[in-house]
Every structure is written in C-alpha cells, then in structure tokens.
Amino acid sequence: MATDVSSPVSQSVSELNACVSTSTSHHRPAVKETTFREWMLHNQIGITLTTLAMLLAVHHLYPSLNPYTTPFFQLSYYQPASGDYVQGWDDVCFVASSAVVFIAIRAILIDWVLRPIAQHWGLKRKASLRLAEQGWLCLYYGFICSLGMYIWSNSDHWGNFSKIWDQWPARNVSGLMKWYLLVQLAFWAQQLLVINIEERRKDHYQMLTHHVITIALFGSAYVYGFYNVSNVVLSLMDIVDLLLPTAKILKYLKYETSCNIAFVVFMVTWLITRHVYYPKLCWSIYRDVPAKMSYGCYSGTTAEMISTNGYPSAWSYLVSPFKDLNGPICMNRTVKWIFLSCLLALQLLSLIWFTMVIRVAVGVIRTGNAEEPRSDDEGEEEEEYFAEKDGLNGSTHAIDSSNVDWRRANGSSAVRPRRVRLGDQSDRKALLGRIGCDKPT
C-alpha cells in the first residue's frame, strides 16, 4: 500500500521539478564563458604588475639570485675598459621585462588616464577607447622617435648612408644605443601580444606579418652588430607612426582643419621617408656593403679578419653568432641578401598600405564612393546606438533605426559592411574622412 501511494507523489514531484527547471532554463540566459584572450585583455594591469612585483621581490629578498634577476632590470655586459657594452643572451631578459612594462604602462595610461580624459571631453565609449589607443602611440613614438633621431643626427653617418658600415664588425655599442635598440624590440614584442588579444582588425594578418618580420629582422641585426642601420631604419619608420595617430586624435577631438593639415603632412612624410629615403638605404646595402665590408669571417672579440673564406660551411655559419656571441661572424652575399630581403619585405608592406590610401583617393575621384581600408572605427556607430538609452535623432545618424529593430527582433547584432555615399562633401574632405580624419555622415 505504501508503494502505491508514494509512486504518484514521486511522479508529481518529478514533473514539477522538470517543469521548473525547463521554465528556468528557458528564461535564464546562458552564461558566456570567458576565453583566455578575453581574460588576458581585461587583466593586463594585474598580470603585468604582479609579474614585475614578483621579480622585484625575488631580486631584493634573495641576494644570491641577483646574478639571475639583475639582467631583467638593467643592461648587461658592460665593458669597463671602453665604457660601452657588448651583446649577450642576458639581453633577452631585459627585452622580456621591458615588454611586460610596456603592457602595464599602455593599459594604465589607456584605462586610467587617457580614456577618462577623452570621456571628459564628451567622447562616446568606443571613440574614447580609440583616442586613448592613439594617445598611447603618440606618447611612445614621440619619445622613441626623438631619441632615435638624436642618436642618428649625432652619428658619423648622418646624411651619408655609406658610412653606416664603417664600424662593422665591431661588437661594442654605446649604452644609449643598446638601450634604444632593446627597448624597440620590447615594444614590438608587446605589440605582437596586443594585436592578438584585442579585437581583430581587417589588416590583422598584415600587421602580424609586419611585427614578426620586424622582430626577426632587428633581433638578427642586433646579434650581427648592425646597430647603425637598425637606428636609421627605425627612425625612418617611427616618424610616420607618430604622425598618423596625431591626425586621428585631432579627428576625434573634431579639430577638422588641424586634422586635415596633420594628415597631409603624414602622407608627404610617408612618401619621403618610406619610399624615397628607405629605398636609398636599401640601395646603399646593395652597393656599399661589398665595398665597405670585405667578405670573410671576423673575430667576435677583436673584430679582426680571421679568414677570407666567407662560406666556411654550408649553413651553420649563419647561426654561429647566435650560438656563440664571441665566436666568428661572417659576411658574404648570402648574409647581405637575407637582411636586404627582410628590409624589402617591409617596403612591400608599406607599399601595400600606401596603395590602399591611393585606392581610396581614386575611388572618391571616380565614383564618389569610398570604402574604409582599415577597421579602426568599424562598428562604432552600431555600438553607440545600443549603448544610449533613447534618442539619437535626426538624419545625421549613420544607422537606420528600422534595420536596427530588424536585427534586434531576429537576435542579430552583426554589423554589415556598407558603402558610404559621400553626397555633396568635397572629395578632399571625404578622402581624409575615410582614411583617418573627418568621417562623413
């Protein structure tokens, strides 16, 4: 009898639980799991400051470990006799710690300084983030470009590319030059991480290729002792990377005339530095290296030629400077063409980006339509629409409300690519808008 009574009760309880769980699961939204990339993105400050704090704690609390921790905080391989430095594998520690510092400084400036300032000026959420990112680039390139130009302008090869090769294969380098080159390597290592944890842009793989080539090129040039040419290449590149974010900041602050002027200066500077002086430097490598550097192998310590055979073995001589920084280092046509090919690859990427700018200009002139070549502001209008409670009105809003309602009703928030009609705006203003200045409405 007890069994007969409990059976219907247990069935009723089971049905009730199933009903409650079904209705609850139906109305409760699924919790999206945080990916490792998103976790890294939102915890950059905590991760980097914790890492640096642990290094500092180990360095100060355990003096016996100082030989292992000191390279993270200062330049290594000082030569008291000459007052300069040589390179070594401990330099990797300095680059790694500097990259962590860059990530921390970038995140702190963007989240705690630049973005609040942008929001105080009345910029919306995504626009304030974009301005903060460009502000960080302006600060870094403003400093490092000034330092690079100072080193270059006070060198023997200022205004004469052929003298770049006079000091090779001497391995000694001044403390300022060494710090400059290692900090640049650390910055590019930091950039490589940033573009992979942040939202991807349309030119993600182009930028990824650029950063990988840059790190490989300048890392190898540092090992081979090509300090002077590295300084010149970086100086020619950095001036352009300073002017573009400057123009974008002026755009976000709605200084239209200043933005237009800055963008024109950016375009002219790009053309002169990257497609006039940079090819001249590549030509100097092709022409002057054989004349200035006798092909053969040199001592890594005395810089004296120890062999006129520039090809001592099949390929091992190419990596021998990486294995033993005090060992022999060789120069021949193969070494010259490896470095020259990497420099030409960077030139090719610059030409691709410059072609994108020209294509926009041609499109504006021919058809009155322009496509955004990069996605720096992609989706900004859509996100701002959903971020505001009520009320964007007027014909100046870029997103049609009926399309937004349709996407809401169908559970989709995807931003569809759209062609922008330039209307009655001038070709010049529209071109500047699509590249980085005034955005047509």
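Helix α12 supplies the largest share of the lining of the second largest cavity, with 4 residues. This is a predicted model, so treat the numbers below as computed from it.

- A search of the whole structure turns up 4 cavities of 30 Å³ or more.
- The second largest cavity holds about 150 Å³ of space, and 15 residues line it.
- Closest to its centre you'll find W165, F226, V229, I285 and F339.
- Two or more lining residues come from each of α8 (204–224), α9 (227–252), α10 (256–292) and α12 (333–367).
- What is this cavity's lining made of? It divides into 13 nonpolar residues, 1 polar and 1 charged.

**The second largest pocket**
- Now for the second largest pocket, which has about 540 Å³ of space.
- Its lining has 19 residues, and L41, R115, L129, E133 and E198 are the closest to its centre.
- The elements giving two or more residues here are α2 (36–42), α3 (44–61), α5 (91–120) and α6 (125–153).
- This pocket's lining splits into 12 charged residues, 5 nonpolar and 2 polar.

**Transmembrane regions**
- An unreviewed UniProt entry lists "transmembrane region" for residues 45–62, 94–114, 135–153, 173–195, 207–227, 257–277 and 337–358.
- In the model, residues 45–62 are 94% helix and 0% strand, with the end C-alpha atoms 25 Å apart.
- For residues 207–227, the chain is 90% helix and 0% strand, and the end C-alpha atoms lie 24 Å apart.

Technical notes:
Residues are numbered from 1 along each chain as its sequence is written. This is a predicted model: local features need pLDDT of at least 70, side-chain atom pairs count only at pLDDT 80 or more; totals for chains, interfaces and linings use all residues. Side-chain values use heavy atoms; hydrogens and water are left out. UniProt positions are given in the numbering used here, feature names are shortened, and annotations may be inferred rather than shown by experiment. On a 1 Å grid over the protein atoms alone, a cavity is a set of points where a 1.4 Å probe fits but cannot get out, and a pocket is an open set with protein on both sides within 12 Å along at least five of seven lines; lining residues have an atom within 4 Å of a point. Grid points are joined across faces, edges and corners, and a volume is the space filled by probe spheres set on the points. Ala, Val, Leu, Ile, Met, Phe, Trp, Tyr, Cys and Pro count as nonpolar, Asp, Glu, Lys and Arg as charged, and the others, Gly among them, as polar.
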